[in-house]
Amino acid sequence: MRDMSGEHVQAAVASCVALLRTAVDRDWTAVRAGRVEWDCHATAFHIAEDLIAYAANLAGRAQDGYVPFEITLDEGTGNDGLLHVIETTGALLTATLRTTPREVRAFHPYPFRSANREGFAAMGVAEALLHTHDIAEGLGLPYEPPAELPRFVLTTIFPHVQPGPDHWRTLLWATGRGDLPGRAPVTEWRWHNNLVVPADRLTLQGVTPAAAADLSAGGDGGFNWIVGGPFEGTREAAGMVLKAYEAGAHRPEFGLFVLVRREDGLAVGGIGFHGLPDEQGRAEVGYDLVEGARGRGYASEALRALSEWALARDDVRLLRASIEADNVPSQGVVERAGYVRATAEEERAAHAEDDLDGTLRLYVRGERPTAA
């Protein structure tokens, strides 16, 4: 999957400036921008502030908080000059995206306190599109960006939002700026950058719907894989993520993660959940490794890290892994990750619930219910 983040920012800024240039002779300070609290001039300046802030935080590799700075306009800067500032800050973000390695993450507070370059690109595109919409609404101008841009935003930082037939209307609805038939109005919203779970030699990087679509279609999902990857199980799991996303049932915390080696940034496998935790707080995990990465303890390391992260949550009490009876190496993986073989009674109950046959062995980790 070719990285298009810089191109998307360029296109979003071009779309913004093209629309605003048609009203450059109007007084933007005299008109409120749509549903936001600022006037059109302040809203346009806010676009520039966001673009340069994202570039600075990503370039500076901010970790614990935003880079503490702000920009100002020279006294007497007119609308034409403000548009030039938007173009310039957009160019700076685009250049930063193009020169930042994929593995770099920098600070953003919501929801997991960091974002990668695709996340910063999607946030920049969202700010440009949505606030251009706000200004256009205030000035009474029609505005609709290229369809690829809202699709990029939705599949990158709105993984929890069920896609609709129209990406732009769905994004407007998801940010409280419009209505969609059959969906309740949105009054509060946040975007979701992907989750990364750290391990010793690996990072477990959450797969967005955009990456899942590419993986399930035979692509690389935007990751650099070792020879032979990704393995088929990862592609199947990506298809499950995509299906859940399209149904509006995807929760990225319980989706798919790609295992990326710290030493060289190469992807070596996949791990994740087969679905959301049930009412008893039980969730099932699965994993695979590219053949060339096996025998080095990566799977146990990743499973241990993901299990500890999940069991620290309030909604997860027990993790389960179902393994073929003759798959001794995989049984060793789960045992090294702290899982124990379920009792015969637990195994029979799980097989009955899940309609599994007797060729699978059940391993569990976490709080097991006690007999009454």
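Biologist: Let's start at the end of a helix: just after helix 6, which residue takes a positive phi of about 75 degrees?

Modeller: Keep in mind that this is a predicted model: local features need pLDDT of at least 70, side-chain atom pairs count only at pLDDT 80 or more, and totals for chains, interfaces and linings use all residues. Residues are numbered from 1 along each chain as its sequence is written, and side-chain values use heavy atoms, leaving out hydrogens and water. Helices are DSSP runs of H or I with at least four residues, strands are E runs of at least two, and both are numbered from the N terminus. Just past helix 6, the residue with that positive phi is Gly176.

Biologist: And at the start of helix 6, which residue's backbone nitrogen does a side-chain oxygen of Asp166 reach?

Modeller: A polar contact is a pair of N or O atoms within 3.5 Å; within protein, one must be able to donate a hydrogen and the other to accept it, and neighbours in sequence count only if both atoms are side-chain atoms. Here the Asp166 oxygen comes to within 3.0 Å of the backbone nitrogen of Trp168.

Biologist: Is helix 6 mostly covered or mostly open, and what do its buried residues pack against?

Modeller: Buried means under 20% relative accessible area, exposed means over 50%, and partly exposed is in between (1.4 Å probe, protein chains only). Helix 6 spans residues 167-174, and with 6 of its 8 residues buried, it's mostly covered. Those buried ones include Trp168, Leu171 and Trp173. Going by contacts (heavy atoms within 4.5 Å), the buried residues pack against helix 4 and helix 5.

Biologist: Now the cysteines: how many disulfides are there?

Modeller: A disulfide needs a pair of cysteine sulfur atoms within 2.5 Å. Apply that rule and the count is 0 disulfides.

Biologist: On to the open spaces: which helix gives the largest share of the lining of the largest pocket?

Modeller: On a 1 Å grid over the protein atoms alone, a pocket is an open set of points with protein on both sides within 12 Å along at least five of seven lines, a cavity is a set where a 1.4 Å probe fits but cannot get out, and lining residues have an atom within 4 Å of a point. Points join across faces, edges and corners, and a volume is the space filled by probe spheres set on them. The largest pocket holds about 1100 Å³, and among its 48 lining residues, His274 and Tyr287 are two of those closest to the centre. The largest share, 8 residues, comes from helix 8.
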